[in-house]
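Here are some notes for a first look at this structure.

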Amino acid sequence: MESVNGKREQEEAGPSDGTKQKMTEKVSDALDDGKAEEEEVDEDEEGGIGVSKNGFFVPGPLVSLKEQIERDKEDESLRRWKEKLLGCLESLEGQLDPEVKFHSIGIISEDFAEIVTPLPVDENRNGCTLFTLREGSRYQLKLKFSVLHNIVSGLTYSNTVWKGGLQVDQSKGMLGTFAPQKEPYVYTLKEDTTPSGALARGVYSAKLKFEDDDRRCHMELKYLFEIKKSS
């Protein structure tokens, strides 16, 4: 009974001084580890790249291509690889923000050969119909553009169509990520089909808009087209 009572008294008294010291050391070590991890994240974020406390990736600051290339100028093989990837490096400037310059928009249809309209549209053609299609015909829009200064990431397009002041169609899509290069890019949007029927015929107004993943608008084109009766 004495041993049982002694054990019970020891439990009621709580842990011994040695046990308390070990527990304190464990808690202190855990706090130090957590502090070290936070410091490591902060150091990474100061360098431009890190992971936030909620686990999401923190992107680094935007750096010009010229600065990125100069960082590796001593590595001959890497420099040649970048030249092959980016084209004419001599034309790169220190500008951070990418710029997309659109040269032309074309329409490809089974009704006729490709029709190409230079961009920007001549002021004399504002309000004019850029192309005419038959009802129920397939067509594609074809774009020619260049990327300047820096890599443009997540370039997307939206094409909204109205008839008689009412929105009748809207399409959206991803073009992708593009780096500056000597030759322009040529990109053909997905195939679409014009509507059919008496109500579908007539003149439509449309707005074609291009944005990157920073919501930077690179072009907004307003144009007209017409749908005629199929012969």
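1. The model is predicted. A place to begin is Tyr-223. Beyond its neighbours within four places in sequence, Tyr-223 is in contact with Leu-130, Phe-131, Leu-141, Asn-159, Tyr-204, Ser-205, Ala-206, Lys-207 and Leu-208.

2. Tyr-223 also belongs to the largest nonpolar core, where Phe-145, Phe-210 and Tyr-223 have the most contacts inside the core. This core has 33 residues. Seen by element, at least two of its residues come from each of strand E3 (99-109), strand E5 (129-134), strand E6 (138-148), strand E7 (152-163), strand E8 (166-178), strand E11 (202-211) and strand E12 (217-228).

3. How many cavities of 30 Å³ or more does the structure hold? There are 2.

4. The largest cavity is lined by Ile-105, Gly-106, Ile-107, Ile-115, Thr-117, Leu-130, Phe-131 and Leu-141. Two or more lining residues come from each of E3, strand E4 (112-118) and E5, with E3 giving the most, 3 residues. By type, the lining has 6 nonpolar residues, 2 polar and no charged.

5. Around the second largest cavity lie Phe-131, Leu-133, Tyr-139, Leu-141, Asn-159, Thr-194, Tyr-223 and Phe-225. E5, E6 and E12 each give at least two residues to this lining. The lining of the second largest cavity divides into 6 nonpolar, 2 polar and no charged residues.

Methods. Residues numbered from 1 in each chain as written. Predicted model: local features only at pLDDT ≥ 70, side-chain atom pairs only at ≥ 80, totals over all residues. Heavy atoms only, no water. Core = buried A, V, L, I, M, F, W, Y, C linked by side-chain atoms within 4.5 Å. Buried < 20%, exposed > 50% of the residue type's maximum accessible area, 1.4 Å probe, protein only. Helix = DSSP H or I, 4+ residues; strand = E, 2+ residues; numbered from the N terminus. Contact = heavy atoms within 4.5 Å. 1 Å grid on protein atoms, 1.4 Å probe; cavity = no way out; pocket = protein on both sides within 12 Å on 5 of 7 lines; lining within 4 Å. Points joined across faces, edges and corners; volume = space filled by probe spheres on them. Nonpolar A, V, L, I, M, F, W, Y, C, P; charged D, E, K, R; others polar.
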